[in-house]
Amino acid sequence: MADDPSLPGGVVSRLCRSIRARIAAGQLAPGDALPSSRALAAEWGISRTTVTAAYDQLIAEGYLEARQGARTRVAPGLGTAARPAPAPAAEPAPTRLSVYAQRLAGFAAPPPATALLADFRYGDLAAADFPLAAWRRALDAALRPAGPRLHYDDPAGSPELRAALQDYLWRARGLRCAAEQIVVVNGSQQGLDLCARLLLDPGDTVVMEEPGYVLAREAFLAVGARLCPVPVDAEGLLTDALPAARLAYTTPSHQFPLGGVLPAGRRQALLGWAAREAAYVIEDDYDGEYRFGIAPIPPLQAMDAAGRVIHLGTLSKTLSPTLRLGYLVLPPGLAPLFARAKRLADRHAPLLEQQALAGLLRSGAHARHVRRLRRRHGERRAALLAALRAQLGDEASVAGAEAGLHLVLWLRRLPAAREAGFIAAAQAAGLGLHPVGPLYAGTAGRPDQAGLVMGYAGMTVPDILAGVALLRRVLERFLAGAEAG
């Protein structure tokens with residue numbers, strides 16, 4: 001027999017409260033059909049009589065309505081306004097946050113996503129480029145041999161994926177390592193976070209490229225490190241006078257954002273510095289697969305004889321940033337410690353996706369996909385360069401276009417001080433542009449003219465052409481307004 005709805009702890013009462021709350025929150029809208037009494041009884045593990053009693057109670061209260069031969073539905077006129085809004089609570093007492101949390105609170109929040117006519121945001125890939133058929137086959141193959149139990153796996157990554165990555169890194173990047181040196185992470189950002197937590201104490205110094213990757217900078221600042229920005233030139237990090245430090249972060253194969261490729265002499269100087277300082281070097285190889293007109297650059301770790309380089313790689317630029325799969329290639333002594341830290345963070349990366357990626361790498365489907373992407377991105381790059389020449393001519397100059405999936409555009413007539421205003425004007429016109437300015441930790445070495453980091457891997461050629469034409473119109477209006485003012 002069903003319990004009394006008036007009893008606050010009864011099953012009927014709890015079910016009624018649950019349905020009322022869903023209606024008040026808008027999860028059940030007026031006219032929405034509720035599950036059948038049989039389905040809801042199975043979901044809650046209760047009798048159909050109890051569900052019927054709850055429905056009858058809510059019908060009597062006016063929340064639901066029932067018609068002969070039809071499903072019970074939410075009554076008209078209900079929804080989020082059905083229940084009066086609670087009075088605002090008193091201001092809570094200040095919460096005591098950790099020092100780590102207080103540092104995070106000081107970082108800039110990411111801007112909200114908005115619909116744009118064209119967006120040159122770096123890091124996006126075109127959805128049409130994803131190898132959907134190959135990925136489905138790899139997922140199906142990963143699902144087939146499932147054993148009798150679902151279980152947690154190795155926090156360092158599945159043995160199959162680490163073996164496949166070991167082979168891939170040797171073939172594609174010329175990097176020799178043992179599979180045991182590889183730790184699979186949820187995207188390169190988790191790799192940076194683990195490095196910051198495990199290698200740095202508050203007050204330790206980190207060498208950072210200037211300009212450089214903002215989220216790397218914030219990962220180090222969050223643990224209380226002291227940043228030492230070191231300038232870059234057309235060939236990347238200047239290594240002739242590196243300061244004493246515990247760690248250096250660098251993008252030697254394609255300096256982010258300016259695009260320089262670190263030459264062999266500077267690589268040797270950086271490795272010599274790391275050996276003398278007993279420091280580690282994080283080599284962020286974020287888009288090393290993409291080269292246009294130059295041969296692939298071997299990773300810094302391939303030259304490392306002293307075990308001071310941590311190679312950080314990602315699948316975000318070849319498959320999708322939504323997969324959140326990356327990897328660290330660590331000196332042998334560090335790999336077990338990083339695996340333990342990974343276990344505390346999230347046990348391990350999603351196993352099904354790991355197995356699918358391993359299959360994609362082993363079958364050669366990933367290599368074929370990357371070859372196709374190089375051709376498509378080469379076409380987009382060529383279209384962007386041609387459009388910038390045609391639309392802007394001598395008004396702008398380009399840097400870093402020989403590799404990777406972005407370039408930097410310097411606007412000669414637009415002062416750096418007006419960069420933020422121009423970005424806002426472009427946003428209002430439906431154009432997504434992304435400034436160089438925030439990538440500088442300070443003002444020293446910052447060029448006087450405004451600069452844009454222009455990604456093109458997520459765009460079609462027509463979108464690129466339309467976006468550059470809109471860029472020219474917005475720039476002309478902005479400069480005309482500045483002169484009139």
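**Close-up 1. Ala 278 sits in the loop between α9 and β9.** The phi of Ala 278 is near 55°, a positive value in a residue other than glycine. Ala 278 is partly exposed, with a relative accessible area of 49%; in these legends buried means under 20% relative accessible area, exposed over 50%, and partly exposed in between, using a 1.4 Å probe and protein chains only. Please keep in mind that this is a predicted model, in which local features need pLDDT of at least 70, side-chain atom pairs count only at pLDDT 80 or more, and totals for chains, interfaces and linings use all residues. Residues are numbered from 1 along each chain as its sequence is written, and side-chain values use heavy atoms, with hydrogens and water left out.

**Close-up 2. Arg 324 also has a positive phi, near 55°.** Look for Arg 324 in the loop between β10 and β11 (326-329). With a relative accessibility of 33%, Arg 324 is partly exposed.

Close-up 3. Most residues other than glycine have a negative phi, and most peptide bonds are trans. Pro 257 is part of the loop between β8 (247-250) and α9 (264-277).

**Close-up 4. A salt bridge joins the side chains of Glu 61 and Arg 20 at 3.0 Å, N to O.** Glu 61 is in helix α3 (residues 48-61) and Arg 20 in helix α1 (residues 11-24), so this pair ties together parts that are 41 residues apart in sequence. Arg 20 is buried, at 17% relative accessible area, while Glu 61 is partly exposed at 34%. A salt bridge is counted when a side-chain nitrogen of Lys or Arg lies within 4 Å of a carboxyl oxygen of Asp or Glu. The structure holds 16 of these salt bridges.

**Close-up 5. Helix α6 (residues 159-173) contains both Asp 167 and Arg 171.** Their side chains form a salt bridge of 2.8 Å, N to O. These residues are four apart in the helix, or about one helical turn. Asp 167 is partly exposed at 39% relative accessibility, as is Arg 171 at 46%. Another salt bridge, 2.9 Å from N to O, links Arg 173 and Asp 285. Arg 173 lies in helix α6 and Asp 285 in the loop between β9 (280-284) and β10 (309-314), so the pair ties together parts 112 residues apart in sequence. Both Arg 173 and Asp 285 are buried.

**Close-up 6. Leu 409, Phe 422 and Leu 471 have the most contacts inside the largest nonpolar core, which has 48 residues.** Such a core is a set of buried Ala, Val, Leu, Ile, Met, Phe, Trp, Tyr and Cys residues joined through side-chain atoms within 4.5 Å. Elements giving two or more residues to this core include α12 (365-392), β13 (406-415) and α14 (461-484). Its largest share, eight residues, comes from α14.
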